[in-house]
Amino acid sequence: MPTLQLAELVEKKQIKPDIYKYSIQVPEIVKTAKPGNFIEIRITEGTDPFLRRPISIYQLIPEKAILEFIFQVKGKGTEKLSQKQVGDKIDVLGPLGFGTFKTEGKQKLAIIGGGIGIFPLYELAKEAKAEGKEVYTYLGFRNKDFVMLEEEFKQVSTNLTITTDDGSYQEKGFAINYLEKELTEKGIEAIYACGPLPMLKAVQNLAKEKSIDCQISLEERMGCGIGACLGCAVKTAKSPKEAPEYWHVCKAGPVFKAQDVEI
Ligand SMILES: Cc1cc2nc3c(=O)[nH]c(=O)nc-3n(C[C@H](O)[C@H](O)[C@H](O)COP(=O)(O)OP(=O)(O)OC[C@H]3O[C@@H](n4cnc5c(N)ncnc54)[C@H](O)[C@@H]3O)c2cc1C
Ligand code: FES
């Protein structure tokens, strides 16, 4: 059940010129949040911007009641958010999203992310590794200036592959090319993905071709975040008997079985 909390910002780190990691104290949310859930942040007490902004959970630290999230400054909302200082309060609603990453019954996982889509994959990898699963992580970035969280993901992966489109850091090309090469060799049983749409489509196709379970997190643009505004519709790939024509990403997702959605 989502709760509203006025959370204290206890740590702020700038990890790239336009990317920040915030640690906030939210005991109620940390208790129930799952990998793949997100929170909605009210940026100001006024009306500009009016709507809350959705941000994924990066990490949960239950022993300290801390939730960490990482965001890129995109527009007015995230710009204002980046001006918060340690000790400030942040109005947070969460955990949100019914669809979360599920790893039950899977032992060998492939996690693939691109750009800022890598953030919701960290807690998933951390929990899976702690449960003794094999976690093969593939992270793709445009070039070496965009590479981030390498050490953090290395700690929670059995093996980490970093790719850059131009080859300016580690492997050259797209992360999916490396996943595809290693899928059979590593005996991957399920794929978990978040990132730009072209990457998600390629992952969806690969999973279909190889008949492998695949879950993708869709970070569509959102309005209300609670199923009230229709601002986040995604077309379902199921028959009309099984599901409605569209799902709300904010309620039914953001994580979906790859074969259940048309992206
Ligand atoms: C479920 C979910 C989880 C998310 N998790 C994260 C996260 O962990 N870290 C993070 O940095 N961002 C995340 N986002 C994206 C984030 O919500 C937006 O970047 C943010 O709302 C932009 O608000 P703004 O007021 O700064 O920009 P706006 O003024 O609203 O928009 C500025 C620019 O950003 C574009 N934009 C806005 N929202 C999105 C979006 N969802 N996807 C792509 N482009 C967008 C707009 O088209 C516009 O060009 C997530 C989005 C969703 C739906
Ligand atoms: S964001 Fe309003 S219905 Fe999903």
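A positive surface patch is formed by Lys 34, Lys 102, Lys 238 and Lys 257; patches of this kind join like charges within 9 Å, from residues with over 30% relative accessible area and no salt bridge. The model is predicted, so local features need pLDDT of at least 70 and side-chain atom pairs count only at pLDDT 80 or more, while totals for chains, interfaces and linings use all residues. Residues are numbered from 1 along each chain as its sequence is written, and side-chain values use heavy atoms, with hydrogens and water left out.

**Surface charge**

- Lys 257, one of the patch residues, is found in strand 16 (residues 255-257); strands are DSSP runs of E with at least two residues, numbered from the N terminus.
- Lys and Arg count as positive and Asp and Glu as negative, whereas His and the chain ends are not counted.
- The place of a charge is taken as NZ for Lys, and accessible areas come from the Shrake-Rupley method with a 1.4 Å probe.

**Salt bridges**

- The whole structure holds 10 salt bridges, each defined as a side-chain nitrogen of Lys or Arg within 4 Å of a carboxyl oxygen of Asp or Glu.
- Asp 91 forms one of them with Arg 42, with the closest N and O atoms 4.0 Å apart. This pair links distant parts of the chain, Asp 91 in strand 7 and Arg 42 in strand 3 (residues 38-42), 49 residues apart.
- Asp 91 also meets Arg 52 in a salt bridge of 2.9 Å, N to O. Because Arg 52 lies in the loop between strand 3 and strand 4 (53-56) and Asp 91 in strand 7, the pair ties together parts that are 39 residues apart in sequence.
- Lys 235 forms a salt bridge with Glu 245, the closest N and O atoms being 3.6 Å apart. Lys 235 lies in strand 14 (residues 233-236) and Glu 245 in the loop between strand 14 and strand 15 (246-248), so parts 10 residues apart in sequence are tied together.
- Lys 235 counts as partly exposed, at 29% relative accessibility.

**Strand pairing**

- Strand 1 (residues 3-16) pairs with strand 7 (residues 89-96) in the antiparallel sense over six bridges; pairing requires that DSSP finds at least two bridges between two strands.
- Ala 7 stands opposite Ile 90 in strand 7.
- Strand 1 is also joined to strand 2 (residues 19-25) by seven bridges, and these two run antiparallel.
- Glu 8 has Gln 25 in strand 2 as its bridge partner, and two residues separate strand 1 from strand 2 in their hairpin.

Conventions:
Chains are lettered from A and ligands numbered from 1 in the order in which they are written. Helices (H or I, at least four residues) and strands (E, at least two) are DSSP runs, numbered from the N terminus. Patches are made of residues with over 30% relative accessible area and no salt bridge: like charges are joined within 9 Å, nonpolar side chains (Val, Leu, Ile, Met, Phe, Trp, Tyr) within 5 Å. Buried means under 20% relative accessible area, exposed over 50%, partly exposed in between (1.4 Å probe, protein chains only).
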